Amino acid sequence: MRYLIAANWKMNKTVAESVEYIEKFKPMVEDIHQVDIMIAPSFTALSSVSLELNNTKIKLGAQNMYHVDRGAFTGEISPIMLKELNVEYVILGHSERRHIFGEKDELINKKVISALEYGIRPIVCVGETLEERELGITLNVVERQIKMAFAGVYPDIGLCDIAYEPVWAIGTGKNATKEQAQEVHHFIRTLINELSKGNDETTRILYGGSVNENNAKDLISQKNVDGFLVGTASLDPEKFYKIITHSLEV
Ligand SMILES: O=C[C@H](O)COP(=O)(O)O
């Protein structure tokens with residue numbers, strides 16, 4: 001399994017700051033070929049970052065998209081707009097989309113189907129809140145989110161990646177332990193094997209939630225952790241680079 005180490009910059013970095021980052025980061029990773037590296041900047045920086053990443057192995061991602069290709073959807077961005085900029089990945093169902101903007105499983109499913117139609121690889125985010133973990137329903141929540149996100153496309157799960165991001169670990173500095181991560185990742189691996197009838201060998205199960213240069217090695221040494229979706233620590237090219245190099249050591 002080829003690891004994916006992905007940066008989600010969220011609502012950070014202007015165009016100038018994004019370009020400055022990429023110019024610094026490109027030479028740092030030019031000799032790294034063993035893992036996939038993806039960066040998802042803000043929508044306003046996609047075009048400039050796309051030009052910067054031309055002729056590199058670093059993949060471009062978007063942080064969200066709508067499922068319709070054009071029309072009266074004020075404030076939304078379509079898959080054809082992303083394709084035009086060479087976007088290869090799209091993060092869907094991030095907990096900030098679910099909890100701040102009220103995105104439901106049904107909408108996330110439409111977006112997954114649309115991304116697949118347009119040849120953009122979805123990274124579908126799942127994960128429980130602190131309350132759900134304390135109620136002991138973490139695996140039930142993750143199972144529901146996965147079954148609904150991929151409804152109608154189970155045979156194509158291998159064209160997607162999944163990010164397990166416990167909501168209580170996002171941006172809090174309190175990451176899941178390697179045992180907590182492995183338990184859920186193993187559950188997800190078993191579930192997607194069942195749903196895809198054993199066809200899937202290409203879905204990466206990423207961990208996200210306060211990943212940094214100090215905890216990355218421990219987390220990625222777990223059998224079913226196939227990469228990371230990094231928020232805060234990815235905003236600093238040195239820290240993101242260190243996370244990448246730790247993933248080469250396992
Ligand atoms: O998409 C990234 C995740 O939400 C993790 O964010 P974080 O690394 O700041 O906790």
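I began with H94 in this predicted model, and found H94 to be buried, because 28 other C-beta atoms lie within 10 Å, where 20 or more are needed. I placed H94 in the loop that runs between β4 (89-92) and α4 (95-100).

I then looked up E165, which sits in the loop between β6 (161-164) and α8 (178-195). E165 is buried as well, with 26 other C-beta atoms within 10 Å. Setting aside neighbours within four places in sequence, I listed the contacts of E165 as S95, C125, G127, I170, G208, G209 and L229.

I checked the record for these two residues, and the unreviewed UniProt entry carries the annotation "active site" for H94 and E165. They are spread over 72 residues of sequence, yet they cluster in space, the largest C-alpha distance being 8.4 Å.

I turned next to the ligand and counted 14 residues around it, of which the closest are N8, G171, G208, G231 and T232. By class, I noted that this shell holds 5 nonpolar, 8 polar and 1 charged residues. G208, one of the closest residues to the ligand, is also among the contacts of E165.

Last, I examined how helix α5 (residues 105-117) packs with helix α7 (residues 138-149), and noted an angle of about 45° with the axes 8 Å apart. On the α5 side the contact is made by D105, I108, N109 and V112, which meet Q145, M148 and A149 in α7. I sorted the residues of this contact into 4 nonpolar, 2 polar and 1 charged.

Conventions
Residues numbered from 1 in each chain as written. Predicted model: local features only at pLDDT ≥ 70, side-chain atom pairs only at ≥ 80, totals over all residues. Axes fitted to C-alpha atoms, helices over the stretch in contact; angles between N-to-C directions. Helix = DSSP H or I, 4+ residues; strand = E, 2+ residues; numbered from the N terminus. Contact = placed C-beta atoms within 7 Å. Nonpolar A, V, L, I, M, F, W, Y, C, P; charged D, E, K, R; others polar. Near = placed C-beta within 6 Å. UniProt positions renumbered as here; feature names shortened; annotations may be inferred. Buried ≥ 20, exposed ≤ 12 C-beta atoms within 10 Å, placed from the backbone.
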